[in-house]
Amino acid sequence: MTRIACLFVPVADERIKPALLEIALRHSPSVEDGGPDIVYLDLGGLERLWGGEEEIARRLHRAACECGAAVRIGIAGSRAGARFAARAGGDITIVPPELDARWLGPAPLALLGLGPEMSARLGRWGIRTLGELADLPVSGLAERLGDEGPRLQRLARGEDATPLRLWTPPPVFEESADCSWGVETLEPLGDLLAGLAEMLCARLRRHELSADAFEWSCRLANRTVHEGACAPAAPLTDSAAAAALLRASLAARPPRAAVEAITLRVRPVRVRNVQPRFDEPPRPSPRLLTATLARLSALVGARDIGSPVILDTHRPDAHQMTPFLLPSPRPSPQRGEGGRENRNPLPRRGRGQGEGAVLAVHRVRPSRSVAVVLHAGAPAHLRAAGLAGRIIAGAGPWRVSGEWWTEAPFVQDEWDVELDDGTLCRLARDGRGWRLEAVYD
């Protein structure tokens, strides 16, 4: 006779889930991870070890309370019955053997977790409880709902013959090597990391996974620890590309003493195969791209390679570099009226707005010093290397300031001006004087 216990946490918490799995494994070898808020365990044959079902339930509840988890425990003859008992009952609910359908009858239909369409349909039929669903004629239910109807009816009766999917700990992708003699130069240390990366990439391929990040930890001869991390442009399993990336990252930040032991870890991810679109250019090879970025990192430093990201600050052009990642394949093009493809998602300009014209801004970096002559407090003439003229129109000033809470606050006034030759540019003035910030094309 099958007896299943369910540990249900009303408020899902990822920090509690490992503790629940550990508690269940201490009491039964057959445990299933049922999701973020549920753990199942098979109670078959545990009476001799832990006592009756009430004693087992009290032990599980006491252990969960010691971990700070507000858990409910249900015991029934199936996984569905145990789950319904845990969700609908109190702290401990035990359904007598062979009485799952009778006990679950008054329970609300919401325990089945139905979608809005199915819930609305059964509601129109006047079905409010599991018992009312269980009492419907099987043939009529199948005619109206197809195979889904009898399946829901079996669950409402507590009939779930699916065996537990036994939980196994996730594989740890980590390799270590001891260097009792001490490695003092980068070349043999890079060879050692490359060997560890080759073993890890082989394990990833066996599990059909890819490496999304690498982390290493070195125990040094001076009793300190040197740690580092790097991420490829795209998840990979190619050991040659991983070795090139690790060598470049290690060269950018080498250890300061001889290495006596090293540990390499990878963060595994499962990459979904996506067929490339016919109307987009081919994507670069992750292996070649990673190797190229690794060589660039060795030349200019890992911090100077990546994609710029605008910072949430008022300082003009404030940004930081983040690791470069291949973008995900773009979705299918939008369709307009009549099913035609909408190739330009930007709104069209109306009449009188310069239809078809786009004004681009070319930032001048670093900004260029200029000499500005004022007239009645407004810029009237400017002179700079390769640029000079009379200002015939202007707008401003606009005060830009921020980061006053730091040691380097900034404040500047900005103007948009037009020269007599038609040049449009952006000027800025702060405590250092006038600067040319941008030119409009």
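This is a predicted model: local features need pLDDT of at least 70, side-chain atom pairs count only at pLDDT 80 or more; totals for chains, interfaces and linings use all residues.
At the N-terminal end, H11 is capped by Asp238, which places a side-chain oxygen 3.1 Å from the backbone nitrogen of Ala240. Several residues of H11 are buried, namely Ala241, Ala242, Ala243, Leu245, Leu246, Ala248, Ser249 and Leu250.

The next topic is a pair of packed helices. Two packed helices are described by the angle between their axes and the distance between the axes. For helix H8 (residues 138–145) and helix H9 (residues 148–156), the angle is about 130° and the axes lie 7 Å apart. On the H8 side, the contact is formed by Val138, Leu141, Ala142 and Leu145, while H9 contributes Glu148, Gly149, Pro150 and Gln153. Sorted by class, the residues in this contact of H8 with H9 are five nonpolar, two polar and one charged.

Leu49 sits in helix H2, residues 47–50, and has a relative accessible area of 58%, so Leu49 is exposed. Between Leu49 and His27 there are 22 residues of separation in sequence, and their C-alpha atoms are 8.9 Å apart in space.

His61 belongs to helix H3, residues 53–66. Its relative accessibility is 17%, and because buried means under 20%, His61 counts as buried. Beyond its neighbours within four places in sequence, His61 is in contact with Val71, Ile73, Asp91 and Ile92.

Arg435 is found in strand E18, which runs over residues 433–440. With a relative accessibility of 8%, Arg435 also counts as buried. The side chain of Arg435 makes a polar contact of 2.8 Å with the side chain of Asp430. Setting aside neighbours within four places in sequence, Arg435 is in contact with Asp430 as well as with Ser367, Arg368, Ser369, Val370, Gln412, Arg426, Leu427 and Ala428.

Key. Residues are numbered from 1 along each chain as its sequence is written. Side-chain values use heavy atoms; hydrogens and water are left out. Buried means under 20% relative accessible area, exposed over 50%, partly exposed in between (1.4 Å probe, protein chains only). Helices (H or I, at least four residues) and strands (E, at least two) are DSSP runs, numbered from the N terminus. A polar contact is a pair of N or O atoms within 3.5 Å; within protein, one must be able to donate a hydrogen and the other to accept it, and residues adjacent in sequence count only if both atoms are side-chain atoms. Axes are lines fitted to C-alpha atoms, for helices over the stretch in contact, and angles run from 0 to 180 degrees between N-to-C directions. Contact means heavy atoms within 4.5 Å. Ala, Val, Leu, Ile, Met, Phe, Trp, Tyr, Cys and Pro count as nonpolar, Asp, Glu, Lys and Arg as charged, and the others, Gly among them, as polar.
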